[in-house]
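Open the model in your viewer and keep the selection panel at hand. The tour moves from one selection to the next.

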Amino acid sequence: MIAIPYLTALTTYFSYGLLFAFGQFRDFFRKIFDWCSANSLQGYAPICLGLEDFYIRRLYLRIQDCFGRPIASAPDAWFDVVERYSNDSNKTLKRTDKISRCLNLGSYNYLGFAAADEYCTPRVVGTLKKYSPSTCSTRVDGGTTALHNELEECVANFVRKPAAIVFGMGYVTNSAILPVLMGKGSLIISDSLNHNSIVNGARGSGATIRVFQHNMPSHLEEVLREQIAEGQPRTHRPWKKIMVIVEGIYSMEGELCKLPEIIAVCKKYKAYIYLDEAHSIGAVGKTGRGVCELLGVDTADVDIMMGTFTKSFGSCGGYIAGSKELIQYLKYTCPAHLYATSISPPAAQQIISSIKVILGEDGSNRGAQKLAQIRENSNFFRSELQKMGFEVLGDNDSPVMPIMLYNPAKIPAFSRECLKQNVAVVTVAFPATPLLLARARICISAAHSREDLIKALQVISRVGDLVGIKYFPAEPTKQDQGGKSVKYD
Amino acid sequence: MDAVMASAVMNFVNATLDCVKFALDAPSARAVVFGVHIGGHLFIEVFLLVVILFLLSQKSYKPPKRPLTNKEIDELCEEWVPGPLIPSLDKELLYEPPVLESAAGPHSIINGKEVVNFASANYLGLIGHPKLLESCSSALAKYGVGSCGPRGFYGTIDVHLDCETRIAKFLGTPDSILYSYGLSTMFSAIPAFSKKGDIIVADEGVHWGIQNGLHLSRSTVVYFKHNDMDSLRETLEKITSKYKRTKNLRRYIVVEAVYQNSGQIAPLDEIIKLKEKYRFRVLMDESNSLGVLGSSGRGLTEYYGVSAEKIDIITAAMGHALATEGGFCTGNARVIDHQRLSSSGYVFSASLPPYLASAAITAIDIVEENPNLITKLKSNIAMLWKGLSKIPGFTIASNPESPIVYLRLEKSTGSMKDDLNLLENIAERVLKEESVFVVTSKRSTLDKCRLPVGIRLFVSAGHSESDLLKASESLKKVAASVLGDHN
Ligand SMILES: Cc1ncc(COP(=O)(O)O)c(C=O)c1O
Ligand SMILES: Cc1ncc(COP(=O)(O)O)c(C=O)c1O
């Protein structure tokens, strides 16, 4: 739960109110103007409707330069951000040839596999030559190569499940699997902050959906009890099956899932559990095996393990791991397996190679070093931010750390000021977070060096003072901080 | 009377203004954050208070009821038995697809044996094209493999923007938007434009990706008979009269240019006439026609000689003729910009790996530079048609110009499952005995499409004459033997 300071909430409301009023005002005149000029689209309803469109035109466009900044290099610890300009007050942005080299605090490059890697890259290029970039076919037709089978074995072994199935996109993994497993008469209980792909998958399944309060096992239990007692709506027949869906690390909160408690509740009430490890697999745990390893949970207790390769592994795609029977069934029925192009072979090779590096099967200890580095980096950065007085969400060990901004005016201010000082941060606003809870999000990577992090902290601190987002009092004295950070070295 | 009303209103307005002034004059109003007087918050507080009081006063009447006791709930929970996560597996679920040991080009290696591959939608034979590989390797060297972020958060690489421009330029549309997976393109694009209450008229033979989009949009969906323009007209007529009164209703027709489920080509000229008459917008999927139809491969619009701007939204997967992955949507700037914030598969997913975007640019360059690829594909399709024209027990269900040659059983066994088993048997024997790799059209249990299943051959410009002859001869031979046994 995020407790918004009273004054902050009011000013935030006020700002949105002002923006809203101005937007409506401008729309009003636009309407009059349009009414005067002839309308060529008579008989068609406008293709974009309502508040959503209003939000984009009148709020988002004002600050759109803070999002979707193009880059011209690999998303490594430092990257090249392409400068843009606008001639029509931010309505359209044009690229220039100028680039600025910035410290990357935005990409999900947790283990630093986004850049060229001495072990992975030559193998990826070799695979490209052998298999070409695409199979142009689905997995059940002509899209299964020896590499795809190797990848599935490798992933199953990595996440410690009997079998796995992979897809070319993480989003599709969620949204195509849930309709296969759940349907009318079954119940999905989903964390209130689950990712949009899970929400879409649940909607697509036709099952009844209930939501429990974010990461609250006690509320989950309450919902389960109530639902099992009530049964299906109207008919009150017992539910066919119940599935609880949680994420390992919540990407907008930086929080770790309370997995042991949630599993205990699920076991008690005989619900199946689906764990989305998009942000945690590879990034946390002693050997990078995700939240199960970090929190000491036996993977046999998790019925369905899902994850994506877009983050720690620096590739693309997603997987489902589970029992042999489950995977066999999915291979026969899942539309993403039957109808979508199989994952691109070079991307598959990148995953295999990076897993080998993580497990030390490449014959070096670089994997272990990377894992130690990301943990150390994350904990150092988080504690320093907290000491400076920022409101930082999330748990220790999590490489994702949101800094609360709240006020809409602070979103562009924070983002632009940081970029001016060559630190690229992500700011997150409405479609991805609730309207009031705008934030900046830092993603730490194993590729960041200590100097990188110190530079980032200096810049963020300066900008934080300027923008006024140090909502808590700072902890005392610089020397103290220096003394403490020595411990991390 | 009016005068009295007016003065009452005036009084009220004056009182309110006084209130506001008082609020702004309050001592705290001098606090300034970023040039905004925060003192105005008092005004908002009062407003909120009124709203809260109003809501509190609205307490609804609840009939007294006796809730279950904790013990009763405990018992119910104890008694509840969940169904299995998945149904028990039949033997037939154990199907394992053939495993390729090489690239999926026109000739591939399966089980150590070279086979002629008719299973890959590699229409222009671009798999393994040296230029494509070269552009991929240089992109891999520059950008790495994955983009490690969604488009909004530093996942936009300059090649993505170049690729979007290139696609728009190729198709002659104002703008386009890249998706990271073909399947997610339609099921994200449809819900971005069609919401609850809107109306979609769709072909009953559309691909699952589109079906899922229709479902997710929660719009009213009406299906018309597969590729039947009379049925479409009737449906549009019915809907138009039913919803005559309702204004501000968005109406769409959703079709595929070449249907993956039948190989039929949509009669675009008719559709445009109907669309303009009934004022519907058209969403068209060009996954299997891009790079194939039209004299320069610009798809169905070029084939019918209409401008691409007549179609409001065009989508396509790039995992076919372009021999890369991902998908795109193209249309006017408004349509594209709207998706950049409202299309879930675009906003909430990591962007396309840059090397695949780079491959797409190169593939389009190759298509533009080598129109002979398209000519070759056309003659290959015609040749396969000729070869298969007298195949026993089958009819060709696809359009003579479709790159998907779709063989349908002349006499169905009466159940889709048995039909599929029969076809699977043929495909397996053709692969094993004749080294020709063909596939059946498999159906997921979620797929609502009820068109007959069949054997699908994806023709490629990379196939040689002898490949095509071999394919038709061996299919004929095996079909005669299997279907002969069967009868
Ligand atoms: C929890 C979760 N699931 C799934 C996804 C989607 O993965 P992908 O980016 O590979 O489509 C994401 C991505 O942001 C995610 O955070
Ligand atoms: C209409 C349509 N949409 C989407 C897809 C899926 O595209 P991809 O295979 O690139 O995921 C296909 C192809 O299989 C298709 O035919």
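Start with helix H14 of chain A. Its buried residues pack against strands E10 (400-406), E11 (423-424), E12 (426-428) and E13 (438-443), and against helix H15 (450-467), of chain A. Keep in mind that this is a predicted model.

**Stop 1: inside H14 of chain A**

Select residues 410-420 of chain A to show the helix. Which of its residues are buried? They are Lys410(A), Ile411(A), Pro412(A), Phe414(A), Ser415(A) and Cys418(A). An α-helix has 3.6 residues a turn, so residues three or four places apart point the same way. Now pick Asn422(A), which follows H14(A). The phi of Asn422(A) is positive, near 60 degrees.

**Stop 2: all of chain A**

Zoom out to chain A. DSSP elements there come to 16 helices and 13 strands. Its radius of gyration is 24 Å, close to the 23 Å from the globule rule for 489 residues, so chain A is as compact as a globular protein of that length. The C-alpha trace spans about 60 × 60 × 50 Å along its principal axes.

Colour chain A by burial. Of its 489 residues, 63% are buried. Then show the surface. Chain A exposes about 18400 Å², and carbon and sulfur atoms supply 55% of that area. Finally, colour by charge. Chain A carries 54 positive and 46 negative side chains, and the centres of the two sets lie 4 Å apart.

**Stop 3: salt bridges**

The structure holds 35 salt bridges over all chains. Three of them follow.

Select Lys98(A) and Glu83(A). Their side chains form a salt bridge, at 3.9 Å from N to O. Lys98(A) sits in strand E2 (residues 94-104) and Glu83(A) in strand E1 (residues 78-85) of chain A, so the pair ties together parts that are 15 residues apart in sequence. Are these two buried or exposed? Lys98(A) is exposed, at 55% relative accessible area. Glu83(A) is partly exposed, at 31%.

Move to Arg366(A) and Asp117(A). This salt bridge runs 3.0 Å from N to O. Arg366(A) belongs to helix H13 (residues 366-388), while Asp117(A) is in the loop between E2 and helix H3 (120-131) of chain A, so the pair ties together parts that are 249 residues apart in sequence. Both Arg366(A) and Asp117(A) are buried. Together with Asp117(A) and Arg366(A), they are linked in a network of salt bridges.

Switch to chain B and pick Asp365(B) with Arg166(B). The closest N and O atoms of this salt bridge are 2.9 Å apart. Asp365(B) lies in helix H14 (residues 354-369) and Arg166(B) in helix H6 (residues 158-171) of chain B, so parts that are 199 residues apart in sequence are tied together. Asp365(B) is partly exposed, with a relative accessible area of 27%. Arg166(B) is buried, at 11%.

**Stop 4: Asp447 of chain B**

Stay in chain B and select Asp447(B). Where is it found? Asp447(B) is in the loop between strand E15 (439-440) and strand E16 (454-458) of chain B. Asp447(B) is buried, with a relative accessible area of 2%. Leaving aside neighbours within four places in sequence, Asp447(B) is in contact with Tyr339(A), Trp208(B) and Gln211(B). The C-alpha atoms of Asp447(B) and His207(B) are separated by 8.2 Å, and the two residues are 240 residues apart along the chain.

Note on methods. Residues numbered from 1 in each chain as written. Chains lettered and ligands numbered in written order. Predicted model: local features only at pLDDT ≥ 70, side-chain atom pairs only at ≥ 80, totals over all residues. Heavy atoms only, no water. Salt bridge = Lys/Arg side-chain N within 4 Å of Asp/Glu carboxyl O. Helix = DSSP H or I, 4+ residues; strand = E, 2+ residues; numbered from the N terminus. Buried < 20%, exposed > 50% of the residue type's maximum accessible area, 1.4 Å probe, protein only. Rg over C-alpha atoms; globule rule 2.2 N^0.38 Å. Areas by Shrake-Rupley, 256 points an atom, 1.4 Å probe, with all protein chains shown as cover. Lys, Arg positive; Asp, Glu negative; His and termini not counted. Charge placed at Lys NZ, Arg CZ, Asp CG, Glu CD. Contact = heavy atoms within 4.5 Å.
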